Amino acid sequence: MNGPDDNTPGTRTRGIEDVWAGVSVVPVLTLADPSQAVPLARALARGGLPVVEITLRTGASLDALEAVAAAGFVAGAGTVTRPEQVALAAAAGARFIVAPGFSRAVAEAAAEAGLPYLPGVATATEIMRAVEAGFDRLKLFPAAQLGGVAAVKALAAPFPQVRFCPTGGIDATSCRDYLALPAVFAVGGSWTAPNAAIATGAWAHIGSLARIASGALPSREEPPMSRAP
Ligand code: 3PG
């Protein structure tokens, strides 16, 4: 993707949209058992969510990431807070890096690994720092706790060049409201893969949740322009 010396504003995170390829709902998965990973990714993909973020929050994370990537799904590493995690994630087959906050060291490691980095922000000052470092695709976290759609609108207004991926506290209903905002290019969250459903292997249920979420794309709800009188 972009090299470590490429400081052109905005070039460092546009790659995330290329990797996600128009997918606007990304499940955030925290797995206790790597054997759950591929059936879970398969259920989500069948429901229309073919891109997943696997958080590096458990001992199973890298094995889960490796299994999902080897099975051909587009998987990235989330909760990447230290630069040394980037190489581990890349070796496991990660296609992108997500973090709850912004770190220059993680940004450089991601650039060296050739992976798009989606850093997290929660305030105007953090957005300014990320923009100064060349990032204009940002995770807004924790979105619901910050004030939901109203908070995204307020934080987006001074930064017309920035587009956001809100995560944190999003559900099947609110994801539609976030995706309707021009400043939002995607949303992420764990609601399509609840822990209890993962633990019991309730893949059909997860597939149903994924179908509802993937139907949240606003463009699918709008009638074609050509039919307007
Ligand atoms: C994340 O890292 O994006 C969040 O943990 C997801 O938040 P959620 O579990 O509230 O969806």
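Me: Which residues lie nearest the centre of the largest pocket?

Reply: The model is a predicted one. Its largest pocket has a volume of about 290 Å³, and 21 residues line this pocket. Those nearest its centre are Val28, Arg57, Gly168, Gly189 and Ser190.

Me: Which strands and helix each supply at least two residues of the lining of the largest pocket?

Reply: The lining divides into nine nonpolar, nine polar and three charged residues. Elements that each give at least two residues to this lining are strand E1 (25-29), strand E9 (187-189) and helix H10 (195-199).

Me: Where does the ligand sit, and which residues surround the ligand?

Reply: The ligand is placed in the largest pocket. The shell around the ligand comprises two nonpolar, five polar and two charged residues. By name, the surrounding residues are Val28, Arg57, Lys139, Phe141, Thr167, Gly168, Gly169, Gly189 and Ser190.

Me: What percentage of the accessible area that the ligand has on its own does the protein cover?

Reply: On its own, the ligand has 310 Å² of accessible area.

Me: Is the peptide bond from Phe141 to Pro142 cis or trans?

Reply: Phe141 is one of the residues around the ligand. Pro142 belongs to the loop between strand E7 (137-140) and helix H7 (143-146). With omega near -5°, the peptide bond from Phe141 to Pro142 is cis.

Me: What is the value of phi at Ala21?

Reply: Ala21 is in the loop that runs between helix H1 (14-20) and E1. Although Ala21 is a residue other than glycine, its phi is positive. The value is near 50°.

Definitions and conventions: Residues numbered from 1 in each chain as written. Predicted model: local features only at pLDDT ≥ 70, side-chain atom pairs only at ≥ 80, totals over all residues. Heavy atoms only, no water. Near = heavy atom within 4 Å. Areas by Shrake-Rupley, 256 points an atom, 1.4 Å probe, with all protein chains shown as cover. 1 Å grid on protein atoms, 1.4 Å probe; cavity = no way out; pocket = protein on both sides within 12 Å on 5 of 7 lines; lining within 4 Å. Sits in = over half its atoms within 2 Å of the grid points. Nonpolar A, V, L, I, M, F, W, Y, C, P; charged D, E, K, R; others polar. Points joined across faces, edges and corners; volume = space filled by probe spheres on them. Helix = DSSP H or I, 4+ residues; strand = E, 2+ residues; numbered from the N terminus.
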